[in-house]
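I opened a new notebook page for this model.

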Amino acid sequence: MIHRVALVVAALAAAVLVVAPGPVRAPGRTVPAPVVTDAWPGARIVTTPGNLPGGAVFAPLSPDLRAGESGGRLVVDGSVIRTGASRYVLDDAMLVWLEPGTGLFAMADSVAELVTTDIGNVVVLDSQYDLAVHDGLVSWAATGPEGTTEIRTVPLAGGAVQKVVLAGKLALTEWPFATSSEVEQGGPSVLVDVRTSARTVVNGQGYELIDCTPSWCRVEVLRQGGRARLDLMRPDGTERRRLGGSGLRPAVPDVLLLDRFAVLVDDSRGALCLYDVDRGRLADLASSFGTVVARGNAVWWSTGDNTALTWNSIDLGEL
């Protein structure tokens, strides 16, 4: 069974932060967070048309919009590379992707080449970590027998698929780690080193939904009838901090981008927000938005409708 299929982009950049003074909260009144261009004077929001020349909607896959997905077509530099699959998992640097039910592909010189058809029942969480390209290899998670998970790895040049079988229902997070894939179930989570099978239990209560990378965990604290608050903490439980109350929720599956920025929605104000872990500050990206996509160093959000769509993007590596 294919779960939700992710679009993966990996990119890192140095970050310098300039923070404006925070708003003062008046009793009984909600005060908006500063906008991102005030919190980071160097921030640039770039707009790009979201429709192809024929009118079809174009969903971005890479920070420079070089690659995207449109109606089951992989489009690179304006050319259709693949058709027939509804979703893709893409690593921008190598142009490597999974096509559900078909196989793993890599692109060289604008030609798609099949790496392997032995992909199994792929497990993905719409995360940038669902497909890991490392050391000339590519790895992904697949459902194994009797409650196990297979971490499958193959050389990008092709060859036999190697499998590491781990106990539990897992998905890849920042390589070389896997984590609990059942992120909508309350209680403890786990981090597993794929290389050694060493396991670290991340403690949590039954009313907490925990999603982890090796560096940080996002904790959604529940109450009867909904969410109580949103926290961050280290996997060992230290440095726990409250990000916001019941109105704040994750906008994207990944805990952080660049191991620093959380992309959030404040439902109480209808705002798309960015939280900086290093400075403990929240700023608004947009007051109007539709679809939100975040991969590597980039965040995109759509405005308009399918007949006149616009993608707005920010490069977090510039902050």
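**Entry 1: ground rules.** I began with the term salt bridge: a side-chain nitrogen of Lys or Arg within 4 Å of a carboxyl oxygen of Asp or Glu. By this rule I get 17 salt bridges. The model is predicted, so I note that local features need pLDDT of at least 70, side-chain atom pairs count only at pLDDT 80 or more, and totals for chains, interfaces and linings use all residues. Residues are numbered from 1 along each chain as its sequence is written, and side-chain values use heavy atoms, with hydrogens and water left out.

**Entry 2: salt bridges.** I looked up R82 and found a salt bridge with E99. Their closest N and O atoms are 2.9 Å apart. R82 sits in strand β5 (residues 79-82) and E99 in strand β6 (residues 96-99). The pair links distant parts of the chain, 17 residues apart. I take strands (E, at least two residues) and helices (H or I, at least four) as DSSP runs, numbered from the N terminus.

Are these two residues buried or exposed? Buried means under 20% relative accessible area, exposed over 50%, and partly exposed in between (1.4 Å probe, protein chains only). R82 has 23% relative accessibility, so I log R82 as partly exposed. E99 is buried, because its relative accessible area is 1%.

Next I checked D284, which forms a salt bridge with R269. The closest N and O atoms are 2.8 Å apart. D284 belongs to strand β25 (residues 281-286), while R269 lies in the loop between β23 (261-266) and β24 (271-276). They are 15 residues apart, and the pair links distant parts of the chain. D284 is buried at 10%. R269 is partly exposed at 24%.

I also looked up E239 and its salt bridge with R234, where the closest N and O atoms are 3.3 Å apart. E239 is partly exposed at 45% relative accessibility. R234 is partly exposed too, at 25%.

Which residues are linked in a network of salt bridges? I noted E208, R229, D231 and R240.

**Entry 3: aromatic rings.** How many aromatic pairs does the structure hold? I get 2. Rings of Phe, Tyr and Trp (its six-membered ring) pair if their centres lie within 6.5 Å; planes under 30 degrees apart count as stacked, over 60 as edge-to-face, and the rest as tilted.

The ring centres of W40 and F261 are 6.1 Å apart and their planes meet at 75°, so I call this pair edge-to-face. W40 is in the loop between α1 (36-39) and β1 (45-49), and F261 is in strand β23. They are 221 residues apart. W40 is buried at 3%. F261 is buried at 1%.

W97 and F105 form a stacked pair, 6.0 Å centre to centre with 10° between the planes. W97 is buried at 0%, and F105 is buried at 5%.

Entry 4: I ended at strand β26 (residues 292-295). V292 and A294 point one way, V293 and R295 the other. All are buried. In a regular strand the side chains alternate between the two faces of the sheet.

I count two strands as paired if DSSP finds at least two bridges between them. Here 4 bridges join β26 to strand β27 (residues 298-305), and the strands run antiparallel. A294 has V299 in β27 as its bridge partner. The two strands form a hairpin with 2 residues between them. In the turn, G296 has a positive phi of about 60°.
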